[in-house]
2 protein chains.
Amino acid sequence: MQIKLSEIIQPIEKELDLFNDKFKISLKSKVGLVDLVTKYILKQKGKKIRPVLVLLSAGLSGEISDRAYRGAVLVEMLHTATLVHDDVVDAAETRRGIPSINAVWKNKVAVLIGDYLLSRGLMLAVDGNDFDFLRVVTDTVKRMSEGELLQISKTRKLDIDEETYFKIISDKTASLISTCCEIGARSSTDDVNKITALKNFGESLGIAFQIRDDILDYTGKSKIIGKPLGGDIKEKKITLPLIYSLKNVEKKEANRIIKLIKSESKKGRISEVIDFVLNNGGIEYAESQAVQFIHSANESLKVFPDSPYKSSLLELVDFVVNRKN
Amino acid sequence: MQIKLSEIIQPIEKELDLFNDKFKISLKSKVGLVDLVTKYILKQKGKKIRPVLVLLSAGLSGEISDRAYRGAVLVEMLHTATLVHDDVVDAAETRRGIPSINAVWKNKVAVLIGDYLLSRGLMLAVDGNDFDFLRVVTDTVKRMSEGELLQISKTRKLDIDEETYFKIISDKTASLISTCCEIGARSSTDDVNKITALKNFGESLGIAFQIRDDILDYTGKSKIIGKPLGGDIKEKKITLPLIYSLKNVEKKEANRIIKLIKSESKKGRISEVIDFVLNNGGIEYAESQAVQFIHSANESLKVFPDSPYKSSLLELVDFVVNRKN
């Protein structure tokens, strides 16, 4: 049975409300258009997984202080900035069921709002003298853009091995998840063991999350996940299930599949590639890798005594990784 | 006679070479595509006005230290990031005579490279423990995006007065110029008077620069400035020469011109608006404003004794403001 997010956030329910207020206030601007767009963003109502990770990690490491809230606002601001830029990058028409910023206000406004959110988040950290947060976060933003760019360059060549795949998902996805946990820990403790444990927890969680996301592109039910099956194949994104399957067959067959992915006009090619992966153990292999990272994530928390925060973080692993959408 | 940039930079010639080396090294990335794009950016060879301002301001305030170079690399990195994003925002096909990043690698790569440059610049400041730079710079990035967004929202309504115009150009253009001078000063002195003087110098210089840029849209020779006359009118950007001219005629005539600007299909409308501004004192008024800010800029430097650095900064005002392109 799928755990509900409302149960997971129970130990930080009040804190999350307070975070939401602080986030809303931090977005305010004297420029009317900025206010209009950020209010629209608030309507999109994300799951707020990243602030939840910051607050739970802070609680687990000591107490949830003002610094934890600043960290939570900072990561949510960065995450929102990257989503807004991503929608420009992918020319996405919708986000969380409503039209995307670029669809409503055009690319121009979307790029600038992304820059605004990025700088606004960093300013909060500067104003709060949270220079340790800045150190972590600027490196993360760099890793995220490098990861996406590495993926783009590999996508163009359709040339990607497992090592590169893990480098890409670690940079583009796991880095921010890991940063949320690290910042939460840093907000309430100086204990390097605790900080490292939570940082590693986030890294493993982020990788497991992305592997599962990539599996869903092959096995998910399109109606539930809200995007068509095989979207990655269409975009020529080579992910773990396919990498494994290609390695697992003869060179000739692998080349045939690669050619199929390249041939944009050919009808039925996407379902042929999906079948190829399903028939060559790609899903099982990717699953086994995800399970390993889930195990690592859970292991990382062993240094902490049991607590409601710890239980929630462990449940969150389940929630994030077993989600159907 | 136009002063040459090569004469202005004489007191910092060696330092500027060293800056160029450091800038090149700072752009390096392990991701091949990032390296490819940043090498391309280096080929575009900008005038490097911003690093020049940092180095001259540092020299004028004391000495040109390691911190000054980090500041110079930081501002050039931010400036480059905003140029790359601007070209996406404006769908520009060329930059400094060669195809733009978005034209060669598409919007996707351009948005991500901009984010990469922004975070890379901030990382250098974090690594150097230049938290005073970060304070100044994150506020600047926020002001630049807010200024652009304010301009966009006002452009849509064609409703802009002189006060709003000055707010926009101060945020979108003068803020970074001012930051260059402030960072240069901060890199070599704690003296608040010197820091404030150079900050104000940069602010006035930036405003004068933008007014002159806006005047050139009405009076420049299209071949020299490399963009067609009346580009702002076409984009419905209402700048100082037009704002003044509209205020200076009867309501009925002003409404006719506003309507003309809105009527995208009407032939000859751009030259009609240009003539309207030329005939109603818009250029002379904007010139008089630019001259006032040039005067303010020069006045700001009075607290410093004469030196080659000071002479160069004063010459730079002339160079920037009297440029024909």
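Figure 1. The side chains of Arg256(A) and Glu253(A) meet in a salt bridge with an N to O distance of 3.0 Å, the term standing for a side-chain nitrogen of Lys or Arg within 4 Å of a carboxyl oxygen of Asp or Glu. Both residues belong to helix H13 of chain A (residues 251-262), where they are three residues, or about one turn of the helix, apart; helices (H or I, at least four residues) and strands (E, at least two) are DSSP runs numbered from the N terminus. This is a predicted model, in which local features need pLDDT of at least 70 and side-chain atom pairs count only at pLDDT 80 or more, while totals for chains, interfaces and linings use all residues. Residues are numbered from 1 along each chain as its sequence is written, chains are lettered from A and ligands numbered from 1 in the order in which they are written, and side-chain values use heavy atoms, with hydrogens and water left out.

**Figure 2. Salt bridges at Arg67 in chain A and in chain B**. In chain B, Asp130(B) forms a salt bridge with Arg67(B), with the closest N and O atoms 3.0 Å apart. Asp130(B) lies in the loop between helix H6 (101-127) and helix H7 (131-157) of chain B, and Arg67(B) in helix H5 (residues 66-89) of chain B, so the pair ties together parts that are 63 residues apart in sequence. Asp130(B) counts as buried, at 1% relative accessibility. In chain A, Asp132(A) and Arg67(A) form a salt bridge whose closest N and O atoms are 2.6 Å apart. This pair links distant parts of the chain, with Asp132(A) in helix H7 and Arg67(A) in helix H5 of chain A, 65 residues apart. Asp132(A) is partly exposed, with a relative accessible area of 23%. A network of salt bridges links Arg67(A), Arg70(A), Asp130(A) and Asp132(A).

**Figure 3. The interface of chain A and chain B**. Here 41 residues of chain A are in contact with 41 residues of chain B, contact meaning heavy atoms within 4.5 Å. The two chains bury about 3900 Å² between them, 74% of it on carbon and sulfur atoms; buried area is the accessible area (1.4 Å probe) that two parts lose on being put together, summed over both. In chain A, the residues that lose the most area to chain B are Lys108(A), Leu112(A) and Leu149(A), together 16% of what that side buries. Two salt bridges are found across the interface, and Lys108(A) meets Asp90(B) in a salt bridge between their side chains (3.3 Å, N to O). The elements giving two or more residues to the side of chain A that touches chain B are helices H3 (32-43), H5 (66-89), H6 (101-127) and H7 (131-157) of chain A, and H6(A) gives the most, with 16 residues.

**Figure 4. An aromatic pair in chain B and an aromatic cluster in chain A**. Over all chains the count comes to 11 aromatic pairs, for which rings of Phe, Tyr and Trp (its six-membered ring) must have centres within 6.5 Å, with planes under 30 degrees apart counted as stacked, over 60 as edge-to-face and the rest as tilted. Tyr165(B) and Phe166(B) form an edge-to-face pair, at 5.3 Å centre to centre and 75 degrees between the planes. Tyr165(B) counts as buried at 2% relative accessibility, as does Phe166(B) at 17%. In chain A, Tyr165(A), Phe166(A) and Phe293(A) form one aromatic cluster.

Key
Buried means under 20% relative accessible area, exposed over 50%, partly exposed in between (1.4 Å probe, protein chains only).
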